[in-house]
Every structure is written in structure tokens, then in C-alpha cells.
Amino acid sequence: MFTLYNGRMKDTEFLLTKSMIFVLLLSVYTGAFAHRDVLSVDIMEARNYITAREMVLDGNWLFPTLNGELRIAKPPVPTWITAFVFRLAGADNNLAASRIPSALAGLIMLAGVYFISLHVTRSKKAAFYSVIVLSTSYLFFYMTRRNTWDIYAQAFMTAAIAAYCRALPAKEAGERILMYALAGLFAALSFMSKGPVAFYGLLLPFLASGFYLFRLKPVSFSGLAVFSAVAATLSLLWPMYIYFHETHSALSTAASEASAWADRHVKPFWYYFQFPLMSGLWAVFLLPLLVPGFSSTRLGRRRAAFYLIWLVVSLILLSVIPEKKDRYLLPVIIPAALMIGEYMSLLTGKLKKTAADSIVLGIWSGISFSLAVFVFISAAAAQLWFGLYNSMFFIIGESAVLYAVFCLSASFLRRETDKYIPLSVTVFCLAVIVAVPAAESFVPDKDFRVLEQVRADAASGYKGDFYGDLSIKEIWAVGNKVRPLDEFIDNKTKDTAYFITRGELNEETLSSMALSAEHLKTYSPEERRQWNFYKISRKK
């Protein structure tokens, strides 16, 4: 039994039919796995990949390195997981494989959201819709395709909160202790993924809001002791090891990271007020739910307060930090997904809809329909433009989108809310699956991947150290350490090496340093952007 819209309902009406299982699997696949190799590698992802590559090649598992230099600014768990995948895949430039770890972290987050919702609402239907909402949210979709530290930290903390919730109603002492220990383990994994970030932005707001939920009873002292002991012990193992072996580097890195919160990527306090956009199309439902009167009337006063306090406290805590990036809003969309998921479960049930509910549903359906039509026309145009009209993938995909739009229109006209909300999700997912490949040619900043040809050339004949003035992303593409040229000049024990640079090499400058250069190859995806590869030697 649980409190819902002006009364009590039993969660016996929700049957997980084949069609609902299909919508769930389609949502999770679209959100976490579909076309995960399309986005170009960004600088944070490149750092993770280079560090993981050097773990595999050089064995630097406890002392991570980035391009040959000690890299302890970020904890190692995400990089360890990525390095393990590199070993299995045999390469670090297969993005479909390299982003599997972040996709799996997304699955952990979805599982955590399911069990949190189940504890809060006692409704499998609300938990089911919460998973669908989160998996199809824009920021979740984006972060599962970025193998960086944020998705791991927030996913493990979501799992920790889920285990914490599971411990509260447990009747057996052994089960409670086990759940508290499991929560401590996930909290430690979160800390070992990105330090205290998720403790601050996700766990603390959850605990603050929990006092407003009648089912969230105070923890026992023994349970709290188990949670704290496991979390603290496992969290501090690697940092203490680094501190005792690299004390100076550890202290300087900690000071640098702390100052970064205040002087890097500084944005105004209100920058995060855009957070509804991070939910993507679900912002249509989120915006009215942010109004206390609207949400409390539908979700009940206690749970509406629980969700809103969690969300607002998280938003405030993140906003007071001067450093701001869109991806830091990931913890905010978790309570948003829980709130929207419960609202969806009511809209598709026996909730007596008001005019406001009908307007929200009408806007949602209109956007879904318009998006599907736009994707259908755009994808068809892309097929003709890029010569893909004979591709079975696009033919089947376009047919599926068209059929889903027809079913959506029919259910909307018949006012079958329990059908056209899942159908809207289906339309959105199919539209993404069909449209993304057609849009791949427009993805920016992929030219540097032409440097991956260096890997094959190096395997066939380039034997020696690499030097150059490349960016982190370019170093990842090259597949080898690329050190500054000054190191070669200072190291008199080496007579030859390879040098990579954008544009032309200044041979007069080299000659003044008693070096000669032999041009070997030009890597160029287009005329206006090219990289030149040289063999440099000391003059006798």
C-alpha cells in the first residue's frame, strides 16, 4: 500500500506485458548503447583513454600516467575498468568497445533508480517509468557516450543510495548489515571514481530530502558504522598509497584540483537554471512538476516534497560552486526522473486528469509527433543526399518510424493515455536510432582521427620515440606517447626520432639546433588541415 493521488492505491494493476518489455528494452538500448561510436572523442575522454592505454602497455596501474607523466588528478576506478576493456578489445581506438564501460555504468544508474523508486513509492509501475524517463533523458544519453569520470561517480552513488534504501525496511539484522556494507562499497567506488563529487551533489541532497519521506527512518548506529567503515576504508586505500609514495605530487595535485573549483570554467550562479533542458523532451512534464501545488496534488504532499527538496538542494549545492559544466547536472536529473516516472505511472493509470494534465499531454504528444515527422523527412533526405536509399537499415527504420507515428496518432485521437505515452517513447527511440547515422557526417571535430593511420605506419616501419606539439586528442589518435621536442634535444643518447606537427616544420630552426629532418608522410583529411610526419636526426 502507498499514498498517491488523494487516496491509496494498490500496485496490482500493473502487468509487464510484452509490449511494455519492448518499450523498456528499446529505451535502455537507445539511452545507453545505440550508436555510441558516433560522437567524437573530447579532451576528458582522450585523457582517460591515454591513461588506460599506458596502464595496459606500461603496467602503470597504481601510478597512472598521461603521455608518460604522473596523472593522479582523477581517481583510477574508471580508468582501470577502461583498461580492462582495452585488453579484451585489443585496441583503444574502437569507440564502440571503448564506451562499453560508461554504458554499463549507465545500467548501474538505471538499476539504482529502479530500486529507489520502488522503495519510495512501493510501485513497480512508477519504478518502471522512472527507468524509461532516465534512460531517454538527454544528459543520460550524452554521458553514457562519454567514457569519463562523472557517469561512474554518479552511477555508483545511485547504487549506494538504492542499497541504503533497501537496508531501511529489512527485518533481519544480517540483511541490514549486508545492505549497509553494500552501500558503503558502492559509495567507495563512487569516491574512487571522482572523489567526493557525488557525496556532495547526490548523497547529501538525498539525505536532506529523506527526512520528509515517512518511509525513510533514521539509520541504526550499527548500520551507520558499517556503512561509514566500509566506505572510508575502501575510499582511502589508493589515495593513502599515493600520498606515502608521491607525497609532493599528491599535495600539489590536491591543491590544484581544489583551486580549480573556484577559478576554472567559472559561470554565474544562475547558470544551472537551465537544468530542465538536461531532461530532453521530458522537460514538458518536469516544468509543471516543479510547481509545488501541481506536484503535491498529483504525487501527494510528502513525496512531492521529497523529490523537490532533493532536486532543489542538489541544484543549490552545485550552483554555489563557481566552476560549472553541463555534465555536472547529472545528479539533478535523478530526482527529476523519479518524479516524472511516478507522474507517468499515474497518468497511464486511473488518475482523474485535469485540464492542466491534458495540456501537458497534448504538448508532449505534439512534440513527439512533430519530431517523428521531422526525422522521417530528414532521414529520407539524407538517404538521397548520401546515397543511402538502398540501405536496408534506413528502409526498415523509416518504415518502423512511420508505423509508430500512425499508432501514436490513433491512440492520441482515442485518448488512450496508457498507450500513447509508451508509443511516444517508442517514436522518440526509433527516431534517434534512425536519425543518428544519417547525422554522423555533421559531427564536428573528427578530422584529427586521420592520425590513427600513424598506428598502422608505426607497426610497419616507424621504430623509435615520437615527439611533437600535439593536443591530448591527437596524442590519443596517434596511439603512442608524443613528448615535447626539447626532450629529444636534451637527451643526447638518441640520434634519431620521429616528429609530428601541424603544418610545415621550420627546417631552419632545426638546423640551428644541429638537427636534420626527412619528410615521411602527410596526414590530411582536407587541404586546410594537415599533419606532417618527419624523421629527425642529429647532424654528425
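## Structural report on a predicted single-chain model

The chain contains 23 helices and nine strands, where helices (H or I, at least four residues) and strands (E, at least two) are DSSP runs numbered from the N terminus. This is a predicted model, in which local features need pLDDT of at least 70 and side-chain atom pairs count only at pLDDT 80 or more, whereas totals for chains, interfaces and linings use all residues. Residues are numbered from 1 along each chain as its sequence is written, and side-chain values use heavy atoms, with hydrogens and water left out.

**Overall burial and contacts**

Of the 540 residues of the chain, 50% count as buried; buried means under 20% relative accessible area, exposed over 50%, and partly exposed in between (1.4 Å probe, protein chains only). The chain exposes about 24200 Å², of which carbon and sulfur atoms supply 65%; accessible areas come from the Shrake-Rupley method with a 1.4 Å probe, and for residues only the protein chains shown count as cover. Among contacts (heavy atoms within 4.5 Å) between residues at least 6 apart in sequence, 78% join residues at least 24 apart.

**Nonpolar cores**

A nonpolar core is a set of buried Ala, Val, Leu, Ile, Met, Phe, Trp, Tyr and Cys residues joined through side-chain atoms within 4.5 Å. The largest such core has 105 residues, and the members that touch the most others are Ile 161, Trp 282, Phe 285, Trp 310, Leu 329, Tyr 343 and Met 344. Helix α8 (residues 149-167) gives the most to this core, with 14 residues. At least three residues of this core come from each of domain 1 (31-348) and domain 2 (355-441), the bounds being taken from an automatic or database domain assignment. Apart from this core lies another, of 29 residues, among them Ala 46, Phe 466, Trp 476 and Ala 477.

Beyond residues up to four places away in sequence, Tyr 343 touches Phe 285, Leu 289, Phe 294, Arg 298, Leu 299, Leu 351 and Asp 357.

**A buried serine**

Ser 27 is found in helix α1 (residues 18-32) and counts as buried because its relative accessibility is 0%. Its contacts, leaving aside neighbours within four places in sequence, are Ile 132, Ser 135, Thr 136, Val 425 and Cys 429.

**Salt bridges**

Side chains of opposite charge can pair when their charged atoms come close. A search of the whole structure finds 15 salt bridges, each defined as a side-chain nitrogen of Lys or Arg within 4 Å of a carboxyl oxygen of Asp or Glu.

| Pair | Closest N to O |
|---|---|
| Asp 58 and Lys 481 | 2.7 Å |
| Arg 483 and Glu 69 | 2.9 Å |

Asp 58 in helix α2 (residues 43-58) and Lys 481 in the loop between α21 (472-478) and β6 (482-483) are 423 residues apart. Arg 483 in strand β6 and Glu 69 in strand β4 (residues 69-70) are 414 residues apart. Arg 483 is buried, with a relative accessible area of 15%, whereas Glu 69 is partly exposed at 45%. Elsewhere, Asp 42, Glu 45, Arg 99 and Arg 146 are linked in a network of salt bridges.
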